[in-house]
Amino acid sequence: MQPAVEFRNISKAFAAVQANADVSFTIDRGAIHGVIGENGAGKSTLMSILYGYYKADSGQLLIDGQERSIRTSHDAIALGIGMVHQHFMLVENMTVLDNVMLGSEGGFKLAAHRAQVEAKLREICARYRLDVDPLATVHDLSVGAQQRVEILKQIYRSANILILDEPTAVLTAQETASLFEILRLFKEQGKTIILITHKLGEIMEITDQVTVMRGGRVVGAVDTVSTSKEQLANMMVGRPIQSELPRAPFKPGAPVLAVAGLNLTDAQGVKLLDDVSFTLRAGEIVAIAGVSGNGQSELMEILSGMRLPTGGRVDFLGQHLPYTGRTHADGLPATFRKLGIGHVPEDRLRDGVIKDFSVMQNTVFGYQDRVKNRWGLFDFDAIAKRCGHLLNAFDVRPNNPDLRIGLLSGGNQQKVVIAREVSAQPKLMLVGQPTRGVDIGTIEAIHTQLLRLRDEGVAILLVSVELEEVRALADRIVVMSGGRITGELPIEEFDTTRIGLLMGGMHKS
Amino acid sequence: MKKTELPRWATAVVLPLLNLLSALLVAALAIHLLGESPVESLSILIHSALFNLEGLSYTLFYASTFIFTGLAVSIAMKGGLFNIGAEGQMYLGGLGLTVALLAFDNTLPAWLLIPVAMLGSALFGAAWAFLPGFLQARRGSHVVVTTIMFNFIAADLMNTIILKLVPAGQQNPASRVFAAAAEMPRLNTWMPSLGDTPLNISFLIAIAALVIYGVMVWRSSWGYQLRATGLNQHAAHYAGVSISRMVIVTMLVSGALAGLAAVNSVMGSTHYLSLNFPAGAGFVGIAIALMGRQHPVGIFLSSVLFGALIQGGFDLSLEKPNIPPETFIFIQGLIILFCGAMENFYGPALLKLLNLGRKG
């Protein structure tokens, strides 16, 4: 049988950076094919070539056995290639139906065509058990349902080859399971699926073949049944990965943070946080698990002083955090920082660094008032010395303080942020999504730093949507769903199914 | 490695020069169409504005005003605020110093009178910028819109006020002439070779302001927070900057600088407050901030360029009757178009060229 897609000696360079080097492999028709690799391994570039965003410098692309030149995404769609992006491409205030029709309206008059498309959508939904109401408005849908809309869009455009880019990053365990059901159904119908992911568990669970990429090259192509997680991980990173990082025995100290009845209601009256209470002790890592968008971000913003709660109380080292009597949180993060609260924000580029500042300038970000000389001006000598020390201690690469931080990889930017926050010697460290968009090698380094901090007696509140990360770091797990705490369990009772249920809002009762 | 952005020397030097060249090229075309030789006209312009001492000192006199309006727009821009209102703030600054001078010019000695008047201009300029800043900070009303509106309000307000200040029997719609103590000391007092020129110590104060601006923006914690706010408000908030306070303070400083621009125009030259004395200097400040990339050296050079255009354009229209005096406004407009609106016009091409050179 002819393969659905064949890459032959694909190379693509961005000047001196070889994003893809002589990539050759085939994807069988009717198979679920995994493509894995660290950030910068060349997966995205390769898929972008397949989907017509980039043109390969050399090599051939064969679709159903025929050499094709795909210059735009229109060409790709015409060849039956569909892509579900990690960040959904949906107009939130339009209905599912209108989103599907967008770009293929079928003429000037909408109404007639709309009825036709609606019928077809209902038929597709039934056939693939997609469970989406074509007339629902997108922003009313859950993340999982929005993803199904994306899939629906691709099937409507008669995609036979479906590329899914990190599809489970935003899903609960249950939603992931139902996505996989849909994918298996696709496979039965003879469609081809390319799954890009970094989650090895998923690769093992659902794929038929796996291609492993590293440094722009294919370093392995195996049948899933004949490989293991460990083997794949080693291939991805190119060296063995420690699965268990060393940590001191759990000896929690005095309470550092006590959150009591915290509420947050937005201007529309939606409860973003609903009666959240928990405590955090010195030398303890409490991880807040949950699907993103369930109140974790708001909780971190409140605890770091970036946002005011609408009710409730927070005690930090026995002292009320000063939320009351204010109309806005302007300047409050500076106060909290002075109290000894460090914060690694989950959206690094939005909050954590100034992309256009140099690495060195970013190492004092948030602490700009602590680096003045007696004239009240910046003490550049001290800043440079401190920066050089941090870059060495946290192994930031390239070790160049004058580089704009926007030019560093995500992992190295994150190391700068963590180095900066750690060096301020906080008593409480708020850490949001510390390894989002960070490659495996760096994840290990970041986890090691956080555990070291814990062993030194710092209280750490971690928010992560990666259960793997929660398992690797936490002493205690708090699960949030819909702005409420739905469960709490010590790490010894870690259980994916149970946590998944709690994440989906099933209360412990 | 393939560059995705231009190196600093290219954005700081090559692009502005290319933009300037393009503007001059179009201007040359216009002069050609007017029936004059572009080359000859340009050489007259340059000679008159730069290569004789008297012309040069006139150029620097105009530049002194522009440095202040350029600084006003620049500092706001560094904080992410587009202050279009320097014109109105400068106009009000003129009122501020006039109020001080009308009250004290017959009583205070010059060494005290001049600082008091300067303070008045800065205060009034800042006050005029306060409300747009406050509305932006607390109500989210866009500062571009409010400062434009405030220019109009300033124009009408000043119209009313100045007409009230006209002494009985005077034809000129202006305040009375200030006492001699209010005159900014002219530099030709110490350097007679400068010729008959209004160039005064405002120029030296402007240079000092450039230096202070440079130090404050790049070497102080406040400037660091200002730049952070300008680049990414979310991150600045994370870093503990009080955004609303920063916005208001930035507008106050910007307005004060624009107000100070009135000192050179009023106390350095006319010695009375006249209708519409800013004559577009506030708007030229926008072009200067863009072209000079908010850098002290850039602001200085662009201020001198615009000063030279006024001085040279004036002489040019005297020598070449075919070229109307408005031509320099036309050239100024072209420069604003190329350096402001089309700032990055040549960027992509230059980038391609550089990458080509690297490969080859």
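What follows is a working chat about a predicted model with chains A and B.

User: What kind of model is this, and which pLDDT cut-offs apply?

Analyst: This is a predicted model; local features need pLDDT of at least 70, side-chain atom pairs count only at pLDDT 80 or more, and totals for chains, interfaces and linings use all residues. Residues are numbered from 1 along each chain as its sequence is written, while chains are lettered from A and ligands numbered from 1 in the order in which they are written.

User: Which domains is chain A divided into?

Analyst: Domain 1 covers 5–237 and domain 2 covers 256–503. The bounds come from an automatic or database domain assignment.

User: How many residues of domain 1 of chain A are in contact with domain 2 of chain A?

Analyst: In chain A, 10 residues of domain 1 are in contact with 13 residues of domain 2. Two residues are in contact if their C-beta atoms, placed from the backbone, lie within 7 Å. On the domain 1 side, α6 (173–188) and α8 (229–237) of chain A each supply at least two residues. Helices here (H or I, at least four residues) and strands (E, at least two) are DSSP runs, numbered from the N terminus. The domain 1 side that touches domain 2 divides into five nonpolar, four polar and one charged residue. Ala, Val, Leu, Ile, Met, Phe, Trp, Tyr, Cys and Pro count as nonpolar, Asp, Glu, Lys and Arg as charged, and the others, Gly among them, as polar.

User: And how far apart do the C-alpha centres of the two domains lie?

Analyst: The C-alpha centres of domain 1 and domain 2 of chain A lie 33 Å apart.

User: Next, the chains. How many residues of chain A are in contact with chain B?

Analyst: 25 residues of chain A are in contact with 22 residues of chain B. α10 (332–339) and α11 (348–352) of chain A each supply at least two residues of the chain A side. That side of chain A divides into 13 nonpolar, five polar and seven charged residues.

User: Over to chain B. At what angle do α2 and α12 of chain B pack?

Analyst: Helix α2 (residues 38–49) and helix α12 (residues 296–319) of chain B pack at an angle of about 125°, with their axes 8 Å apart. Axes are lines fitted to C-alpha atoms, for helices over the stretch in contact, and angles run from 0 to 180 degrees between N-to-C directions. α2(B) and α12(B) are therefore oblique to each other; angles under 35 degrees count as roughly parallel, over 145 as roughly antiparallel, 65 to 115 as roughly perpendicular and the rest as oblique.

User: Is that crossing of α2(B) and α12(B) left-handed or right-handed?

Analyst: The crossing of α2(B) and α12(B) is right-handed. A crossing is left-handed if the near helix is turned anticlockwise from the far one by less than a right angle, and right-handed if clockwise. The contact includes B:S41 and B:I44 of α2(B) and B:A308 and B:Q311 of α12(B). Its residues divide into six nonpolar, five polar and two charged.

User: What about α5 and α10 of chain B?

Analyst: Helix α5 (residues 110–139) and helix α10 (residues 243–270) of chain B pack at an angle of about 145°, with their axes 6 Å apart. The crossing of α5(B) and α10(B) is right-handed. The contact of α5(B) with α10(B) divides into 21 nonpolar, eight polar and one charged residue.

User: Single residues now. Is A:L152 buried or exposed?

Analyst: A:L152 is buried, with 22 other C-beta atoms within 10 Å. A residue is buried if 20 or more other C-beta atoms lie within 10 Å of its own, exposed if 12 or fewer, and partly exposed in between, with C-beta atoms placed from the backbone. A:L152 is found in helix α5 (residues 143–156) of chain A. Leaving aside neighbours within four places in sequence, A:L152 is in contact with residues including A:V100, A:L121 and A:I124.

User: Where does A:D275 lie, and what is its phi?

Analyst: A:D275 lies in strand β12 (residues 271–281) of chain A. Phi of A:D275 is near 55°, a positive value in a residue other than glycine. Most residues other than glycine have a negative phi, and most peptide bonds are trans. With 14 C-beta neighbours inside 10 Å, A:D275 counts as partly exposed.

User: Which peptide bond is cis?

Analyst: The bond from A:R397 to A:P398 is cis, with omega near -5°. A:P398 is in the loop between α13 (380–393) and α14 (410–423) of chain A.
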